[in-house]
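I opened the model today to look up a few things. My notes follow in the order I made them.

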Amino acid sequence: MHQDQTGGWTATGLRWQDGAPQLTATDGRQRHARPLTAGLPVAWRITGPRRCTGAHTEHGHRDCPHRATVPPEGTGSQCPSCQNADRGLQLARDRIVDDGRTYRLYLAWFAPGLLKVGLTAEERGTVRLLEQAALTWTFLARGPLPAVRRAELAVAHGKLARERIPAAAKYPGWWNLPAPAERHAALTAARTRVHRLLADHPQLTLLPDHPVTDQVELYGLTDGAPDQYRQVKAVADGAHLAGTLRRPIGGHLFLDPPDGTPLLLDTRLLTGWTLQPAPAAACDGLTLLPRARPTAEQDALF
């Protein structure tokens, strides 16, 4: 990758392209992508200021015209101006009523009792399901944006699935995943309930026979998450992050660092920061939250 004058490049996010994850970045002139695979060693020094990563518009990605700085903490990396211009956020906030494209309604399973309903442009294929770490999923229906959005709201209001599931709610399910057949059965049963609700929705084509896709093996979660790990909650200017990658899970990375206990990183925490090559030494400058698999006694209590 090309580097800027400081010897680093600015992270713009983890993207899935053709079913494979890539860390994207910019050197201020061009955009670049680095494939992320299991076993890949990484060693970065994270430096600021943290800058806005721009917006995705109908004409493609647009760099921030103001080169605005954004708060160092949190997963957000857009200034208010770029948030307003971002097509994905406009859709999420119902600021686009209809754009002439065909959309698909999906149902995603993250853990027992944790179902999400959502929509995605048909031209995007399965990227949305890969991005959000859906463990098992299927497409439910297709149609114009207004019809699919009405269906999404109906499913959510009927309490058959949620419109939004925060990342933190997904992590506990990674420890104790039921067998593939159980995941498949849970999703297909939920699909039947949803299709019953949507049977008379206008301009909507139901997809009762669409395949159910399971992504647990793709994410390296066949044996679950590590029994103990440290979740990265924040990074600071000058922090060091080093380790060997496991398979990416949506927008999350498990790393095995030099000092042992695995780290879980939401890559949105990196966006807007400059990443510079660094020696593969111990990690520092990170706010960490210890996480451990619940014991049988804890399960009994809660």
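**Entry 1: a tryptophan pair.** I began with Trp 9, which counts as buried at 7% relative accessibility. The model is predicted, so I kept to local features with pLDDT of at least 70. Next I checked Trp 44, and it is buried too, at 5% relative accessibility. Both values fall under the 20% cut-off for buried.

I then went through the ring pairs. The count comes to seven aromatic pairs. Among them is Trp 9 with Trp 44: the ring centres are 6.4 Å apart and the planes stand at 85°, so I logged the pair as edge-to-face. The cut-off for that label is over 60 degrees. Trp 9 sits in strand β1 and Trp 44 in strand β4, so this pair ties together parts 35 residues apart in sequence.

I also noted one aromatic cluster. Its members are Tyr 171, Trp 174, Trp 175, Tyr 229 and Phe 254.

Entry 2: How many residues line the second largest pocket? I have 23 in the lining, and those nearest the centre are Thr 10, Thr 26, Gly 28, Arg 51 and Arg 67. Then I asked which elements supply it. β1 (9-17) and β15 (274-277) each give at least two residues. The largest share of the lining comes from β1, with three residues.

**Entry 3: a histidine.** Is His 195 buried or exposed? I read 11% relative accessibility, which means His 195 counts as buried. His 195 belongs to helix α6, residues 180-197. I listed its contacts, leaving out residues up to four places away in sequence. His 195 touches Leu 140, Leu 206, Leu 207 and Pro 208.

Key:
Residues numbered from 1 in each chain as written. Predicted model: local features only at pLDDT ≥ 70, side-chain atom pairs only at ≥ 80, totals over all residues. Heavy atoms only, no water. 1 Å grid on protein atoms, 1.4 Å probe; cavity = no way out; pocket = protein on both sides within 12 Å on 5 of 7 lines; lining within 4 Å. Helix = DSSP H or I, 4+ residues; strand = E, 2+ residues; numbered from the N terminus. Buried < 20%, exposed > 50% of the residue type's maximum accessible area, 1.4 Å probe, protein only. Contact = heavy atoms within 4.5 Å. Phe/Tyr/Trp six-rings, centres within 6.5 Å; stacked < 30°, edge-to-face > 60°.
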